[in-house]
Amino acid sequence: MTRNLILGAVLSSLVLLAAAVSFLWTPFDHSAMNIPAKLQTPNAQHWLGTDHFGRDLMSMIMVGARTSIAVALVAVGIGMGAGVPLGLTAAARKGSWLDEMIMRGNDLVFAFPSLVIAILITAVLGAGAINAIIAIGIFNIPVFARITRGAALSLWEREFILAARVAGKNAARISAEHILPNVTNLLIVQGTIQFSLGILAEAGLSYVGLGAQPPTPSWGRMLADAQTMVSFAPHLALVPGTAIILTVLGLNLLGDGLRDWLDPKLRMART
C-alpha cells in the first residue's frame, strides 16, 4: 500500500465521515440564522466561525459535504452505468458503423469544456441539484466509454478471448464474462478521479447559482457568498475553499494510490 493511497484514504474518509455524521448531528442547525453572531472568526463556540447571517460554518461544511458527495457519486454512477456498456459495445464492434457513431458522439461532447456543457444543461433545465447531477453525469458518459473501449480493444486479441470465441460465445457474453472483469481495476481508478472532478463541477455550478439551491448548503455557493467579504472576513472563503481542496486532493491521491496498488506490473516491480 503506497503512501499516496494511505493519505488519500485518510482525507477521503474524513470527508465521508463528516457527511455521514451530519445526518445525525451538527454543532448547530445549518440553516438557523443568528444576526448578532454574524461574521465571527473561529472560536470556542463556533469552531470555524459564522457567516454573514450568523450561521455556523462547521455545520454548513458538514451538510455541504453531503451535498457534494451525493451529486458527484450519482453523476459518476450515471457516467459509468451508460459509458461502460457503450465502450464495451464499441470495442466488440470495432470498425463498424456502431463503433464509429459511439466514438464520434464522444468526440462531440469532448469538443466543449465540461463546465461549459454543465452550465448550458443546467441553464436549460433549471438550477438545482438534480439537474446538476444530470449535467455532470452526461459529461462522464464519454469519459468512461473511451476508457472502456481503449482497455477492451487490447484484450480482444488475447488468447483467452480467442478461446471463448472458439467455444461459441457471442460478443455480448464475452464482453460481460471476460472483458469487463479485466477492466474493472481501471474503471475503479477512473471512477475515483471522476468523483473528484464531479465535486469540483458541483462546486463550480453552485458558485454560479446553478447547483443546489438554498437552504441546502453547498461549498460552491458558500464561496460565492464570501467573495464580497474576503477583505474583512477571509474565513468565509478559506473554510469552504479548504474543504474543496482537501477533498479533491484526497480523492486524487486515492486514485493514484489505487492505480499503483491494482496494477499487476507495478505490484511485481515492488516485490
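## Starting at Arg165

Let's start with Arg165, which sits in helix H6 (residues 159-166). Helices here are DSSP runs of H or I with at least four residues, strands are runs of E with at least two, and both are numbered from the N terminus. Arg165 counts as partly exposed because its relative accessible area is 44%. The scale works like this: buried is under 20% relative accessible area, exposed is over 50%, and partly exposed is in between, using a 1.4 Å probe and protein chains only.

Leaving out residues up to four places away in sequence, Arg165 touches Trp156 and Ile174, where contact means heavy atoms within 4.5 Å. Gly257 is 92 residues from Arg165 in sequence, and their C-alpha atoms are 35 Å apart in space.

## What kind of model this is

This is a predicted model, in which local features need pLDDT of at least 70 and side-chain atom pairs count only at pLDDT 80 or more, while totals for chains, interfaces and linings use all residues. Residues are numbered from 1 along each chain as its sequence is written, and side-chain values use heavy atoms, with hydrogens and water left out.

## The whole protein

How many helices and strands does the protein have? There are 10 helices and 0 strands, so the pattern along the sequence reads α-α-α-α-α-α-α-α-α-α. The C-alpha trace spans about 75 × 50 × 30 Å along its principal axes.

Of the 271 residues, 45% are buried. Now take the contacts between residues at least 6 apart in sequence: 68% of them join residues at least 24 apart.

## Where H2 meets H7

Two packed helices are described by the angle between their axes and the distance between the axes. For helix H2 (residues 57-92) and helix H7 (residues 171-207), the axes come within 8 Å and cross at roughly 145°. These axes are lines fitted to C-alpha atoms, for helices over the stretch in contact, and the angles run from 0 to 180 degrees between N-to-C directions. H2 passes H7 in a right-handed crossing; that word applies if the near helix is turned clockwise from the far one by less than a right angle, and left-handed applies if it is turned anticlockwise.

On the H2 side, the contact includes Thr67, Ile69, Leu73, Val76 and Met80. On the H7 side, it includes Ser175, Ile179, Leu187, Phe195 and Glu202. The contact residues divide into 15 nonpolar, 6 polar and 1 charged. Here Ala, Val, Leu, Ile, Met, Phe, Trp, Tyr, Cys and Pro count as nonpolar, Asp, Glu, Lys and Arg as charged, and the others, Gly among them, as polar.

Helix H8 (219-226) is mostly covered, with 6 of its 8 residues buried. Those buried residues are Trp219, Gly220, Arg221, Met222, Ala224 and Ala226. Their cover includes H1, H2, H7 and helix H9 (235-262).

Thr192 is found in helix H7 and counts as buried because its relative accessibility is 10%. Setting aside neighbours within four places in sequence, Thr192 is in contact with Leu251, Leu254, Gly255 and Leu258.

Apart from neighbours within four places in sequence, Arg149 is in contact with Gly87, Ala90, Ala91, Lys94, Asp99 and Met103.

## Rings

The structure holds 1 aromatic pair. Phe110 and Phe139 form this edge-to-face pair, at 5.9 Å centre to centre with 85° between the planes. Rings of Phe, Tyr and Trp (its six-membered ring) pair if their centres lie within 6.5 Å; planes under 30 degrees apart are stacked, over 60 edge-to-face, and the rest tilted. The pair links distant parts of the chain, as Phe110 is in helix H3 (residues 97-110) and Phe139 in helix H5 (residues 129-153), 29 residues apart. Phe110 is partly exposed at 33% relative accessibility, whereas Phe139 is buried at 18%.

Over at Phe23, Arg66 lies over the face of the ring, at 4.4 Å from the ring centre. The rule is that NZ of Lys or CZ of Arg must be within 6 Å of the ring centre and within 35 degrees of the ring normal.

Most residues other than glycine have a negative phi, and most peptide bonds are trans. Leu39 has a positive phi, near 55°. Leu39 lies in the loop between helix H1 (3-22) and H2, and is partly exposed at 26% relative accessible area.

A cis peptide bond joins Pro214 and Pro215, with omega about 10°. Pro215 lies in the loop between H7 and H8.
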